[in-house]
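Keep the sequence and the 3D view open as you read.

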Amino acid sequence: AMMKASYETAMALRHDLTLPRPLIELAIMRTAQLANSGYEWHQHYPMALANGLSAEKISALANWRTGPLFTEKEQAALAFSEATVTGTDPAPEDFKRLQQHYNPREIVEIAMLVSQYFATARFIHVLGIPLEEQK
């Protein structure tokens, strides 16, 4: 029952948010990086590509603050995502920038998305769940 609920939550986060799917996958991929979750990275890499992220952008994700590939809107979401994963409060200037690009509902969606995928990464890690083969 708990795994079914977790799956349904993941599907809702991927498909029922108002955020655009490329941004959703970008936040998931950055969360996977920060959580050192090879499992989530492996599972979402093809989804990120299929939803409009380039391999070049995904490869540059660790250096999003200094790279030229990310829009200000993406940078605002990534800064908020990092604060969520690392457990720090967003810097006031980062939160103000977030509010310039996203409405309150979208901010809640980013926080829920990143929190859920970070929790999933920890769950996968502590149980030692191996990577699945891609079909």
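## A glycine after H5

Just past helix H5, Gly 87 has a positive phi of about 80 degrees. (Helices, H or I of at least four residues, and strands, E of at least two, are DSSP runs numbered from the N terminus.)

A quick word on the ground rules: this is a predicted model, local features need pLDDT of at least 70, side-chain atom pairs count only at pLDDT 80 or more, and totals for chains, interfaces and linings use all residues. Residues are numbered from 1 along each chain as its sequence is written, and side-chain values use heavy atoms, with hydrogens and water left out.

## H5, mostly covered

H5 is mostly covered, with 11 of its 15 residues buried. (Buried means under 20% relative accessible area, exposed over 50%, and partly exposed in between, using a 1.4 Å probe and protein chains only.) Among the buried ones are Glu 74, Leu 78, Phe 80 and Val 85. The cover includes H2, helix H4 (55-59), H6 and H7.

How far apart are the end C-alpha atoms of H5? They are 21 Å apart, which agrees with the 21 Å that 15 residues should span at 1.5 Å a residue. Setting aside neighbours within four places in sequence, Glu 82 is in contact with Arg 30, Leu 34, Trp 64 and Arg 65. (Contact means heavy atoms within 4.5 Å.)

## H2 meets H3

Now look at helix H2 (residues 21-34) and helix H3 (residues 38-50): they pack at an angle of about 160 degrees, with their axes 9 Å apart. (Axes are lines fitted to C-alpha atoms, for helices over the stretch in contact, and angles run from 0 to 180 degrees between N-to-C directions.) H2 and H3 are therefore roughly antiparallel. (Under 35 degrees counts as roughly parallel, over 145 as roughly antiparallel, 65 to 115 as roughly perpendicular, and the rest as oblique.)

On the H2 side, the residues that meet H3 include Ile 28 and Met 29, while Trp 41 and His 44 are among their partners in H3. By class, this contact has 7 nonpolar, 2 polar and 3 charged residues. (Ala, Val, Leu, Ile, Met, Phe, Trp, Tyr, Cys and Pro count as nonpolar, Asp, Glu, Lys and Arg as charged, and the others, Gly among them, as polar.)

## H7 and its neighbours

Helix H6 (residues 92-101) and helix H7 (residues 104-127) have axes that come within 8 Å and cross at roughly 120 degrees. That makes H6 oblique to H7. Phe 95, Leu 98, Gln 99 and His 101 of H6 make the contact with Glu 106, Ile 107 and Ile 110 of H7.

The buried residues of H7 pack against helix H1 (2-15), H2, H3, H5 and H6.

Not counting residues up to four places away in sequence, Glu 40 touches Ala 32, Tyr 117, Thr 120, Ala 121 and Ile 124.

Ile 124 lies in H7 and, at 9% relative accessibility, counts as buried. Its C-alpha atom is separated by 7.6 Å from that of Tyr 39, 85 residues apart along the chain.

How values were computed:
Expected span 1.5 Å × (residues − 1).
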